[in-house]
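This briefing goes through one protein structure by topic, for a reader who has the sequence and the model at hand. It begins with the aromatic residues and then turns to other parts of the fold.

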Amino acid sequence: MKLSLCMICKNEEKKIARCINSVKEKVDEIVVVDTGSTDQTIDIAKKLGAKVFEIPWENDFSKAKNYAISKSQGDWIIFLDADEYLMASHIGYLRSYILEAENRKKDSIFIEIVNLEEEKVQGIFKTIRIFKHHTDISFKGRIHESLSKKGGKLEAITFTEPLRVLHDGYSKEAMEEKNKVDRNLEMLLREYEVDPMSSDLCYYLMDTYYAKKDLEQTWLFGQRVLEYDNGSLFGIKQTTYRRLLEICHKMQRKCGEMRKLYEDAVAYDADYPDFDYEYAFYFCEHKEYEKTIKYLNSCLSKMDKYKGIAESNVMGNVIVVLKLLVRCYIEEGRLQETVPLLVKILRVNPYEYTSLYNLLSIVGGLETGEALGEFLKKLYDFNNVKDQMVLIQMSQKLGNQELYDYIVRGLSKMDKERLGIK
């Protein structure tokens with residue numbers, strides 16, 4: 001089986017090497033279609049062994065991608081954007097997953113795209129980026145193109161542990177650098193003139209206006225997505241409901257409208273956790289903390305079980321959900337209920353300082369310095385200089401002398417010198 005990496009790009013000298021190198025050891029060829037780079041993109045791609053084809057840009061992503069497919073020789077194709085890269089820990093599964101798809105007579109594979117901004121997860125969604133090289137399979141749509149199969153639907157396989165591709169092209173910096181929002185809007189409006197009742201186009205317009213912070217237009221096109229109800233995009237209705245719930249309170253729409261929107265959303269997909277998070281956030285903004293707690297706990301319960309393909313903002317952001325829940329318990333004076341939540345947060349990110357401060361503030365007065373130190377050893381490496389410094393600074397900030405003394409007693413002479421402790 002021959003596997004091809006296909007890409008289209010323009011002026012991606014900063015990121016193209018990262019993308020290619022993330023899969024290079026497992027692919028048999030690299031096909032890059034360049035649409036007019038004026039930087040070092042082409043030279044970098046060639047040095048990494050890519051076959052580079054240069055074509056003029058015609059404001060049509062599908063046309064460029066289908067051209068790349070036509071130039072590839074692989075039996076299977078993995079199609080990535082230059083600002084995407086396969087997680088290093090997943091590269092070993094790439095070929096075995098394709099072989100499994102072959103054995104099960106599937107023509108494509110779902111992967112997870114993890115959207116990053118400043119190295120923080122902003123959302124996760126499933127999509128197809130690995131597929132058979134076949135004349136019936138091609139991209140459609142001038143912008144926000146999607147894969148389609150002539151005469152039928154793609155037979156895609158979903159793995160319990162899907163391949164993950166990281167994407168940082170829609171970070172604030174990247175959007176400003178490339179003016180992607182304005183470019184996308186111009187192209188979408190042209191398509192919309194031709195097909196004004198397409199839920200898919202309305203969805204992309206909703207998303208683009210949201211990026212421009214135009215909430216009225218975001219709301220308008222989101223409502224049209226649901227009204228026309230003819231979308232073909234994976235998870236289109238879930239993510240539309242989520243977006244509308246998110247902006248409903250920002251637009252100061254009536255409480256009854258928010259409730260109806262939530263009820264309609266849950267009626268469509270009762271398992272999607274983001275609906276509960278957005279509804280909880282609405283109640284939190286109105287200082288209704290008991291209701292916030294109810295829906296955040298519902299969100300967490302659904303996160304543990306969710307196996308859907310719709311893009312989710314909370315699935316990769318459990319800390320955000322837990323921190324909001326902690327805040328509500330504190331507002332309600334239910335401090336002991338925050339302890340297991342704070343521990344969960346620190347297991348994910350031990351340097352979440354606000355959570356560490358809250359945890360030590362709550363349990364510090366109930367435990368001896370030694371008992372607290374022993375407990376913290378389950379979360380921190382007391383031989384690690386960074387962890388030592390964090391805990392020493394926090395114990396000083398809280399005025400917990402017993403904890404400070406316990407930590408310092410365990411330091412070596414070298415550690416003390418390094419930390420400036422006599």
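The structure, which is a predicted model, holds 21 aromatic pairs. One of them joins F110 and F234 in an edge-to-face arrangement, with 5.0 Å from centre to centre and 70° between the planes. F110 belongs to strand β6 (residues 108–117) and F234 to the loop between α8 (215–228) and α9 (236–250), so this pair ties together parts that are 124 residues apart in sequence.

**Aromatic pairs and their surroundings**

- The two partners of this pair fall into separate accessibility classes: F110 counts as buried because its relative accessibility is 9%, whereas F234, at 42% relative accessibility, counts as partly exposed.
- The rings of Y272 and Y306 have centres 5.7 Å apart and planes at 65°, so this pair is edge-to-face.
- Y272 is located in the loop between α10 (255–268) and α11 (273–285), and Y306 in the loop between α12 (289–305) and α13 (318–331), so the pair ties together parts that are 34 residues apart in sequence.
- Y272 counts as buried at 0% relative accessibility, and Y306 counts as buried at 11%.
- A cluster made up of Y262, Y279, Y282, F283 and Y295 is linked by ring pairs.

**Charges over rings**

- The charged end of K65 sits over the ring of F139, at 5.0 Å from the centre of that ring.
- R224 lies over the face of F221, where the distance to the ring centre is 5.1 Å.

- Strand β8 runs antiparallel to strand β9 (residues 146–149), and four bridges join the two strands.

**Overall fold and surface**

- The protein contains 19 helices and eleven strands, and its C-alpha atoms fill a box of roughly 70 × 60 × 45 Å, taken along the principal axes.
- Of the 422 residues in the protein, 51% are buried.
- When contacts between residues at least 6 apart in sequence are considered, 66% of them join residues that are at least 24 apart.
- The accessible surface of the protein comes to about 21100 Å², and carbon and sulfur atoms account for 47% of this area.

**Helix α15 and its neighbours**

- In helix α15 (residues 353–363), the buried residues are S355, L356, N358, L359, L360, I362 and V363.
- These buried residues of α15 pack against α13, α14 (339–348), α16 (369–376), α17 (385–398) and α18 (401–409).

**Cysteines**

- C299 is found in helix α12, and C299 counts as buried because its relative accessibility is 0%.
- Leaving aside residues up to four places away in sequence, C299 touches P273, D276, Y277, V314 and V321.
- C299 and W76 are 223 residues apart along the chain, and their C-alpha atoms are separated by 38 Å.
- A disulfide is a covalent bond between the sulfur atoms of two cysteines, and the structure holds zero disulfides.
- C9 counts as buried at 5% relative accessibility, and C19 counts as buried at 0%.

Technical notes. Residues are numbered from 1 along each chain as its sequence is written. This is a predicted model: local features need pLDDT of at least 70, side-chain atom pairs count only at pLDDT 80 or more; totals for chains, interfaces and linings use all residues. Side-chain values use heavy atoms; hydrogens and water are left out. Two strands pair if DSSP finds at least two bridges between them. Rings of Phe, Tyr and Trp (its six-membered ring) pair if their centres lie within 6.5 Å; planes under 30 degrees apart count as stacked, over 60 as edge-to-face and the rest as tilted. Buried means under 20% relative accessible area, exposed over 50%, partly exposed in between (1.4 Å probe, protein chains only). A charge sits over a ring if NZ of Lys or CZ of Arg is within 6 Å of the ring centre and within 35 degrees of the ring normal. Contact means heavy atoms within 4.5 Å. Accessible areas come from the Shrake-Rupley method with a 1.4 Å probe; for residues, only the protein chains shown count as cover. A disulfide is a pair of cysteine sulfur atoms within 2.5 Å.
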